Amino acid sequence: MLGSSQSDWTNVLSGVPQGSVLGPTLFVVYINDLASVLTNTCKLFADDCKILAKVGRREDAEGLQNDLDATLKWCKDWGMQLNFLKCHVMHCGRTNERHEYRLRDLESDIEWVLEQTVRERDLGVIITPELKWHDQVCSAAARASRMLGVLKNTFVSRDSGLWKRLYTTYVRPHLEFAVAAWNPHFRKDIAVLEKVQHRATKVASDFRSLKYEERCNKLGLTSLVSRRVRGDMIQQFKILNGMDKVQWVKEPIVVEGRVGKREQLRREVVLSCAQRHNFFTNRIVNNWNKLKDETASAQSIASFKLQFDKREVATL
């Protein structure tokens with residue numbers, strides 16, 4: 001309807017209303033069987049689909065191509081249409097042979113060569129073939145800095161209480177979104193994120209002359225490094241207690257503790273892969289093992305957070 005003009009009624013035979021409560025569920029029901037026609041692992045999130053394949057031989061590449069053909073056939077059978085411009089292939093690993101993959105329309109005899117990509121945003125996190133997080137760190141810091149600039153231009157007041165609330169509500173979440181997946185381990189990347197908080201704590205006029213650590217103490221903030229450690233511990237607690245479910249390619253290494261002590265985690269021996277060495281299941285080991293048994297065996301997530309903040313922060 002536009003003004004006093006109204007279009008004719010028509011029957012809607014397919015699709016779901018945008019913004020409806022049942023829309024996402026109905027779409028999931030519609031698309032969920034796509035994985036059953038593929039031989040490789042398939043990850044689905046709404047209308048986003050990723051096929052993950054380990055390609056070591058020519059037969060593996062052919063198997064991935066067959067999955068692409070099966071995907072296109074499934075789309076044709078069920079009235080879906082792929083956006084070929086958004087279909088890319090990413091080759092991970094130094095020794096990975098760069099095979100060429102195509103989307104082939106068997107009916108019209110049209111082929112579309114998949115473009116190779118070295119930078120892809122996946123659910124808000126930037127992925128690169130090397131699985132290094134510098135691009136993601138820079139992107140997160142840039143978004144947070146832009147928001148900080150908007151707030152500084154919007155609010156005249158430089159009251160410390162107001163700016164702590166603004167920072168923790170609108171700026172810091174950009175620096176910590178999905179950080180359990182991309183937690184940086186290079187000093188240069190850690191510094192890029194910390195500098196944003198460094199600038200934010202100087203906005204309040206009361207504390208500009210103080211050192212960074214003193215400003216954080218006055219505002220009741222901790223460093224972003226400390227918050228990422230805390231976030232890792234909370235995530236591990238959720239996984240162990242079944243609140244979050246993760247399908248690991250390699251299960252975390254768990255060994256028996258000393259008499260009367262809980263089970264302990266062990267690092268995986270990694271010789272030449274810094275990304276794997278600093279992966280979640282490895283980087284949490286020392287900090288998790290240091291937790292007191294009472295904290296690790298808390299009865300709820302709220303109790304774990306309370307005990308962690310009260311007992312553990314100074315020891316990690």
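A pocket here is an open set of grid points with protein on both sides within 12 Å along at least five of seven lines. Keep in mind that we're working on a predicted model.

**Exercise 1.** Work out how big the second largest pocket is and what lines it.

*Solution.* Start with the volume: the second largest pocket comes to about 290 Å³. Next, the lining: 14 residues make it up, and N183, P184, V229, D232 and R283 sit nearest the centre. Now sort the lining by class, which gives six nonpolar, four polar and four charged residues. Last, ask where the lining comes from: helix α8 (residues 224–240) gives the largest share, five residues.

**Exercise 2.** Decide how helix α6 is oriented relative to α8, and find the residues that meet.

*Solution.* Two packed helices are described by the angle and the distance between their axes. For α6 (residues 187–200) and α8, the axes come within 9 Å and cross at roughly 110°. Angles of 65 to 115 degrees count as roughly perpendicular, so α6 is roughly perpendicular to α8. On the α6 side, I190, L193, E194 and Q197 make the contact, and they meet L224, V225 and R228 of α8. By class, that contact has four nonpolar, one polar and two charged residues.

**Exercise 3.** Is F177 buried, partly exposed or exposed, and what does F177 touch?

*Solution.* First place F177: this residue is in the loop between α4 (160–176) and α5 (179–182). Its relative accessible area is 42%. Buried needs under 20% and exposed needs over 50%, so F177 is partly exposed. Leaving out residues up to four places away in sequence, F177 touches L123, G124, V125 and W182. Finally, F177 and A140 are 37 residues apart in sequence, with their C-alpha atoms 8.2 Å apart in space.

Conventions. Residues numbered from 1 in each chain as written. Predicted model: local features only at pLDDT ≥ 70, side-chain atom pairs only at ≥ 80, totals over all residues. Heavy atoms only, no water. 1 Å grid on protein atoms, 1.4 Å probe; cavity = no way out; pocket = protein on both sides within 12 Å on 5 of 7 lines; lining within 4 Å. Points joined across faces, edges and corners; volume = space filled by probe spheres on them. Helix = DSSP H or I, 4+ residues; strand = E, 2+ residues; numbered from the N terminus. Nonpolar A, V, L, I, M, F, W, Y, C, P; charged D, E, K, R; others polar. Axes fitted to C-alpha atoms, helices over the stretch in contact; angles between N-to-C directions. Parallel < 35°, antiparallel > 145°, perpendicular 65-115°, else oblique. Contact = heavy atoms within 4.5 Å. Buried < 20%, exposed > 50% of the residue type's maximum accessible area, 1.4 Å probe, protein only.
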